[in-house]
Amino acid sequence: MATRWGICGAGKISHDFSVAMKTLPPGDHQIVAVAARSLERAREFAKKHSIPKAYGSYEELASDPEIDMVYLGVLHTEHWRLGLLVLHAGKNMLCEKPFAMNSREVGDLIAASKKSNVFLMEAIWSRCFPLHREVRRLLAEDAIGDVKLVKASFGSPQLHIPRSVEKELGGGALLDIGVYTLQFVLMVFNGERPESIHATGVLLNSGVDESMVVVMKFPRNRLACCFFSIAVSLPNDATISGTTGTIRVLGPMHCPTTLEVNGKTTQYPLPEPSLPLNFTNSTGLRYEAEEVRQCLLKGLKESPRMPLSESALLTEVMDECRKQVGVVFNQDRQ
């Protein structure tokens, strides 16, 4: 039986997700419905992606009995409200990153998934890439000895994009792209909690972070440094330095295809898209879709690649970074 998907939101990332799904066997994955704020937008999206049903409200999608899994691809300021709608309706959900605006909202989503006894995963697609599976395997085998230092960067000039700079839209470098560097560090250190976090950054006039540097210290004298910016381009790569070697994930580190281990390079090519994409390497979204299917087939309520406890920790780390740099959203005052 195919996993039957409902797409919540008809924006750019939902487009790319739908294109990525076309690279998977139709006997395994089917998009059966899409919902948007207007029926016209939903119908337009459905026509483009050959989706049988279009809804002009998210409530209709949440109550459709023919949907196994909802992909929530709306703006992250809406993840909490619409995520609760989907989970309370008893639907499994793959929620785009960042999971929500803060730890309170993320805690509510996790609690709702447990209460409804449904699957929930934060769509940190990076974790599902074959390259990252190989990184985890190498680390488990101590291929570079004891890891001492992890470094990750992500910079993309986005000051012209309203959702990147406006506070009401959940803007700032941290929640949009910094999240990828921080999740990479947590992946390398197996979801361990950092002993200390030091964040410093530069704010835009709107009150969101333009650029940030985060240094974390982990137990057993291990360090991590992340830097990210929506003002400039950065190498967008990640390096894991151990006592006997180095693992380097070449840019783009959040959707990578090139791995370098002690100077030896391996390529992990992606399938070609059937329609133009909005974001880099988006056919790689296929890997998180397949991860979700495998979890459902095994009867799991969360993914071992991105457990809910790690999403909660990731959000806590981001909350602390925002607190130190001085980024406060309306959602923090509730």
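**Backbone exceptions, a helix pair and aromatic contacts**

N117 is found in the loop that links α5 to β6 (120–123), where helices (H or I, at least four residues) and strands (E, at least two) are DSSP runs numbered from the N terminus. The model is predicted, with local features requiring pLDDT of at least 70 and side-chain atom pairs counted only at pLDDT 80 or more, while totals for chains, interfaces and linings use all residues. Residues are numbered from 1 along each chain as its sequence is written, and side-chain values use heavy atoms, with hydrogens and water left out.

The phi angle of N117 is near 55 degrees, a positive value in a residue other than glycine. D142 is not a glycine either, and has a positive phi of about 55 degrees. D142 lies in the loop between α6 (130–140) and β7 (147–155). Most residues other than glycine have a negative phi, and most peptide bonds are trans.

Cis peptide bonds form the next topic. K97 and P98 are joined by a cis bond with omega of about -15 degrees. P98 belongs to the loop between β5 (92–96) and α5 (103–116). The peptide bond from G251 to P252 is also cis, and its omega is near 0 degrees. P252 lies in the loop between β12 (246–249) and β13 (258–261).

Attention now turns to a helix pair. The axes of α1 (residues 12–21) and α2 (residues 39–49) come within 11 Å and cross at roughly 25 degrees; axes are lines fitted to C-alpha atoms, for helices over the stretch in contact, and angles run from 0 to 180 degrees between N-to-C directions. Because of that angle, α1 is roughly parallel to α2 (angles under 35 degrees count as roughly parallel, over 145 as roughly antiparallel, 65 to 115 as roughly perpendicular and the rest as oblique). In this contact, S14, H15, S18 and V19 of α1 meet F45, K48 and H49 of α2, contact meaning heavy atoms within 4.5 Å.

The aromatic side chains complete the picture. Six aromatic pairs are counted, where rings of Phe, Tyr and Trp (its six-membered ring) pair if their centres lie within 6.5 Å, and planes under 30 degrees apart count as stacked, over 60 as edge-to-face and the rest as tilted. W5, F17 and Y71 form one aromatic cluster. R104 lies over the face of W80, at 5.7 Å from the ring centre; a charge sits over a ring if NZ of Lys or CZ of Arg is within 6 Å of the ring centre and within 35 degrees of the ring normal.
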